[in-house]
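This report goes through the architecture of a two-chain model, one element group after another. Please keep the sequence and the coordinates at hand while reading.

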Amino acid sequence: MEFFKLTPLEFEALRLSLWISGWAVLASLGPGILVAWVLARKQFPGKALVDGLVHLPLVVPPVVTGYILLLLMGKRGLIGGWLFEMTGITFAFNWKGAALASAVMAFPLLVRAVRLSIEAVDQGLEQAAKTLGAGPVDLFFTVTLPLIFPGILTGIILAFARSLSEFGATITFVSNIPGETRTLPLALFSLTQMPDGEAGAMRLCIISIIVALIALTTSEILAKRMERRIKGEV
Amino acid sequence: MLDIHLKKDYGNFTVETDFTSEGHGVTALFGHSGSGKTSIINMIAGLVQPDQGRIVIDDRCVFDRARGINLKPEKRRFGYVFQDGRLFPHLSIRSNLIYGMRRVKPGDRYIQFDQVVDLLGIEPLLERHPATLSGGEKQRVAIGRSLLTSPELLLMDEPLASLDAARKKEVLPFIGRLSSELSVPILYVSHSMDEILNLADTLVFLSQGKTMAVDSLETVTSRPDFQQIAGPMESGVVLSTLVQGHDSERGLTRMEFPGGVLKVPIMGAAVGQKVRIRIHPRDVAVALKRPCQTSFQNIFPATVTDVMKARNGNDLVNVNLNMSSPTGSETGSPAESPAYSSIVSTITRNALRKLDLRPGMKVFAMVKAVSICSGNTWDGNSWEKS
């Protein structure tokens, strides 16, 4: 049993991972639903480019994403420098940066899940809502949103799981700072580099798998239950 | 007052319609599938934008291309009952019903919740979810949901098409009562004459995107071009009749129409009730002399008005006839129509040649009693009121 006792450092990494992933999902949820809706419903010039940009983090090496973030959002970066001057907020080498990196990496998964569920919504129901006097915003919140809830839930869990496993972009963008940006995967990596880190690495490895499994099964159960409720079978 | 002028080009298909209708009662848009009925109703609802035209309901213009008016669907205040119901699956029946009602200013509501629930008999369904309802129940709820927006016009797009015959009979009486009891003007899309026979006051007859005729059912269905286009199932001529009496001994009901009295197999309608019936051209025969000793129950003197080729088949012709009763119609006729009724008979080309029928000839029209379909004879009270 002694084996499963987490050291304070390992515990810190787990706590940080959950915290960062939580924020990453929370912050990207609104924009994610908006982008998914635009991609699902609107036709505009340059749509393929926007679609490509959203999916880019899925296909380029995470280190590239991290490096681009560093260039754009670092303290002297294109956007980051301006932001720091205006508000004093910076993403450089702190947990907010780690959350931003996680959010960017998880964004495509969130958008995909939500977009698929929006495309599956019967637009006839939205037309019906219009003839019943609902304007565009009204009908989105009273018809579309409740119907895509299972898709949003799936997106959230996928994005959360992806954030937990984020490594390359994070270490490139915000480095590996204990207590600030050293999440589970980074801590695991650090432990493997240490002479007597095997036991710790194994513990973190098991924790990672357990957390991921819990997330996936919960989402599956919740999504099924939600779907049944929406279809009025409960 | 309904004033509709619309044109929309779909590339290989153009929908063009012009009609005005008296704004009360039921106006039926009738035509084959693909005749543009649903396009027209979608344009009126604002779900599809016409290329040209205008839509005016009771001096309220909701669309006018020339003046740049185009109200959004949610501002038009038209109810829309879709063919497939389209109830919100995530809401209870009660929430579905009040969805539109809540979005109407209390001052604009002229139809009340309890009134609609009573009329449609949906009280037991209120706490249930759409997934647990039968097709007929869903359609009744969909009708109720549209009604509760207190619409200035109710659009119905084949609301019975997805239902089987028994469910149709369940829903149809309610529709008849909407226009009479709640005085909601209804625009009703259908491809089935049986549905609209005792429902519609005005018929807009569409074919291939064009409006062929706008008039009463009796007038439109007796047009030669209607006979040609409507096809064998729907081409019966509509007669407006008044139930004169039942003869239970002989199993006959006597129905008076402008032009004579029809004897039909006994039916449930009450004496004095107005009933529209449909007479199929294939069930009408023509004779040059009054036949005797025949099984035909209904023989009327008639005048040939027109002879033309029938739709399907080069060997059939339609003979249009005017039936006039020998005594004239001295009693109060059901409608303000002339003292004769038009009827059509489909005969073979060979028969035409043998009888040598020409417009103006005096003949006898024979109608088989058993073939007369009375459309929907629900308890009837509803029809009397309209």
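## The five-stranded sheet of chain B

In what order do the five strands of the open sheet in chain B lie? In this predicted model, the order is β16-β20-β17-β18-β19, and the pairing is antiparallel. The edges are taken by β16 (284-287) and β19 (340-348) of chain B, and each of these has a single partner strand, so one side of each is left without a neighbour in the sheet. From one strand to the next, the twist of this sheet averages 45°.

## The four-stranded sheet of chain B

Chain B also holds an open sheet of four strands, ordered β14-β13-β12-β15 and paired in the antiparallel sense. Its edge strands are β14 (260-265) and β15 (274-279) of chain B, each of which pairs on one side only, and the twist from one strand to the next averages 45°.

Strand β12 (residues 237-247) of chain B is joined to strand β13 (residues 252-257) of chain B by five bridges, with the two strands running antiparallel. A residue pair that can be located here is L242(B), which stands opposite E256(B) in β13(B).

Strand β5 (residues 60-64) of chain B takes part in two hairpins, one with β4(B) and one with β6(B). On one hand, strand β4 (residues 52-57) of chain B runs antiparallel to β5(B) and is joined to it by four bridges, with V56(B) standing opposite C61(B). Two residues lie between β4(B) and β5(B), and D58(B) in that turn has a positive phi of about 50°.

On the other hand, β5(B) pairs with strand β6 (residues 69-70) of chain B over two bridges, again in the antiparallel sense, and D64(B) stands opposite I69(B) in β6(B). Four residues separate β5(B) from β6(B) in this hairpin, where G68(B) in the turn has a positive phi of about 70°.

## Domains and a helix pair in chain B

The domain assignment divides chain B into domain 1 (2-215) and domain 2 (231-385). Taken over C-alpha atoms, the centres of domain 1 and domain 2 of chain B are separated by 32 Å.

How are helix α5 (residues 135-147) and helix α6 (residues 165-181) of chain B packed, in angle and in distance between axes? They pack at an angle of about 15°, and their axes are 9 Å apart; α5(B) and α6(B) are therefore roughly parallel to each other. The crossing of α5(B) past α6(B) is right-handed. On the α5(B) side the contact involves G135(B), G136(B), Q139(B), R140(B), I143(B) and L147(B), which meet R167(B), E170(B), V171(B), F174(B) and L178(B) in α6(B). By class, this contact of α5(B) with α6(B) has five nonpolar, three polar and three charged residues.

Chain A has eleven helices and zero strands. Along the principal axes, the C-alpha atoms of chain A fill a box of roughly 70 × 45 × 30 Å.

Helix α3 (residues 62-73) of chain A packs against helix α5 (residues 95-120) of chain A at an angle of about 130°, with 11 Å between the axes, and the two helices are therefore oblique to each other. α3(A) passes α5(A) in a right-handed crossing. The contact is made by P62(A), T65(A), G66(A), L69(A) and M73(A) from α3(A), together with L100(A), A101(A), V104(A) and M105(A) from α5(A). The contact of α3(A) with α5(A) has seven nonpolar, two polar and no charged residues.

## The contact between the chains

Chain A gives 17 residues to the contact, and chain B gives 23 residues. On the side of chain A that touches chain B, the elements giving two or more residues are α6 (123-131) and α7 (136-147) of chain A. The largest share of that side, six residues, comes from α6(A). By class, the side of chain A that touches chain B comprises eight nonpolar, six polar and three charged residues.

Terms used:
Residues are numbered from 1 along each chain as its sequence is written. Chains are lettered from A and ligands numbered from 1 in the order in which they are written. This is a predicted model: local features need pLDDT of at least 70, side-chain atom pairs count only at pLDDT 80 or more; totals for chains, interfaces and linings use all residues. Two residues are in contact if their C-beta atoms, placed from the backbone, lie within 7 Å. Ala, Val, Leu, Ile, Met, Phe, Trp, Tyr, Cys and Pro count as nonpolar, Asp, Glu, Lys and Arg as charged, and the others, Gly among them, as polar. Domain bounds come from an automatic or database domain assignment. Axes are lines fitted to C-alpha atoms, for helices over the stretch in contact, and angles run from 0 to 180 degrees between N-to-C directions. Angles under 35 degrees count as roughly parallel, over 145 as roughly antiparallel, 65 to 115 as roughly perpendicular and the rest as oblique. A crossing is left-handed if the near helix is turned anticlockwise from the far one by less than a right angle, and right-handed if clockwise. Two strands pair if DSSP finds at least two bridges between them.
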